[in-house]
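Hello,

Here is the structure I promised to pass on.

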Amino acid sequence: MTGFEQVPAVYHREVGDCLVTTICDGYMAYDTLEIMRDPDHAKLRHLLEDETRVCPPVVSINTFLIRDGQRTVLVDCGSGDIMGPTCGRLPGLMAHLGVRPEDVTDILLTHVHPDHSNGLTDPETGRKLFPNARAHVHQAEIDHWFDDAARARATERQKRVYFDAGRIQLRPWIADGSLIPFDHEHEVLPGITALPSVGHTPGHSCYILRSRGEAMIVWGDTVHVPEVQLGDPDVGMIFDTESGVAAASRRRILQRCVDEDLLVAGMHIHFPGFARIRPGYAGAYRFVQEQWFHAPNHGHQPGVWPTPRKVSAT
Ligand SMILES: [Zn+2]
């Protein structure tokens, strides 16, 4: 049968007094094994199959909308229209939600890679796609992607896809002063702290939202393939600027997720993109994906689950 569309890929979840909405920009069709920086494909395949995932050739792209009644904050802004027909769904899904681009007050960028930041600016016209927003990003992202010497060392594809596209995306925001850089762990908005976790890119950062006793980390690209990288956090990605530094950041963030029982919101976690992290054996971690639930508050007050109905077997 043909002609059927999936339901819109948006999902609401309350975190304290905030409504967090996952908006799935789409997916990249990659061979999962080929994008990991580890030649031991037998090990990678074993880790994937251990977790019952048989190498589906896709990596999802999520963005997260955070609304608290005052601000409308978008964490990453999708891939625009340059990554092919499987991506670029953010604008249509925002319209479905009734959120206009001019309603967005702040954009928090985890880093400047095309699947996260190419929705900032129309590359044809140089027009900002969120006219009233301020964008927040680590200073090292600006420094790196505008560094001509670093660009000269890059491959032709990296020059085009990362350096040139990144410059096109950031330039109008820099020009009118609406790009707000930070360079250390820092409360960028009330209740939202930027947490640098560099390595994947020079200024890659997570964001921690705290509201009424609950805490969520939006961890950007800390993990791309949870089935593998929690079992072996040292496995890097071919997209990493510095894989060893990225792995050290990954371990630090994973441990913090365990220690503080943070709700994880991940850009490349399977939709709807929420999980908790638990300790595993011998330096590994376990990935506990949160189940899809029917109500944004999971049908219960925080910490109080509904009383189950008694069921009879007969
Ligand atoms: Zn990414």
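Let me start with tyrosine 11, which is buried, at a relative accessible area of 3%; buried here means under 20% relative accessible area, with a 1.4 Å probe and protein chains only. Before going on, a word on the source: this is a predicted model, in which local features need pLDDT of at least 70, side-chain atom pairs count only at pLDDT 80 or more, and totals for chains, interfaces and linings use all residues. Residues are numbered from 1 along each chain as its sequence is written, and side-chain values use heavy atoms, leaving out hydrogens and water.

**Aromatic pairs**

The structure holds 6 aromatic pairs. Rings of Phe, Tyr and Trp (its six-membered ring) pair if their centres lie within 6.5 Å; planes under 30 degrees apart count as stacked, over 60 as edge-to-face and the rest as tilted. One of the pairs is tilted: tyrosine 11 with phenylalanine 274, 6.2 Å centre to centre and 50 degrees between the planes. This pair links distant parts of the chain, 263 residues apart, with tyrosine 11 in strand β1 (residues 10-15) and phenylalanine 274 in strand β17 (residues 274-279). Helices (H or I, at least four residues) and strands (E, at least two) are DSSP runs, numbered from the N terminus. Phenylalanine 274 is buried as well, with a relative accessible area of 1%.

Tryptophan 145 and phenylalanine 163 also pair, edge-to-face, at 4.9 Å centre to centre and 70 degrees between the planes. Here tryptophan 145 belongs to helix α4 (residues 139-145) and phenylalanine 163 to helix α6, 18 residues apart. Tryptophan 145 is buried at 2% relative accessibility, and phenylalanine 163 is buried at 3%. Tyr11, Phe64, Phe274 and Trp292 form one aromatic cluster.

**Helix α6**

Helix α6 (residues 156-175) has 20 residues, so at 1.5 Å a residue it should span 28 Å, and its end C-alpha atoms, 27 Å apart, agree with that. The expected span is 1.5 Å times one less than the number of residues. The helix bends by about 30 degrees at glutamine 169, and proline 172 follows within four residues; the bend is the angle between axes fitted to the seven residues ending there and the seven starting there. Among the buried residues of α6 are Tyr162, Phe163, Gln169, Pro172 and Trp173. Just after α6, glycine 177 takes a positive phi of about 75 degrees.

**Charges over rings**

Lysine 128 lies over the face of tryptophan 173, 4.4 Å from the ring centre. A charge sits over a ring if NZ of Lys or CZ of Arg is within 6 Å of the ring centre and within 35 degrees of the ring normal.

Best wishes

Notes:
Buried < 20%, exposed > 50% of the residue type's maximum accessible area, 1.4 Å probe, protein only.
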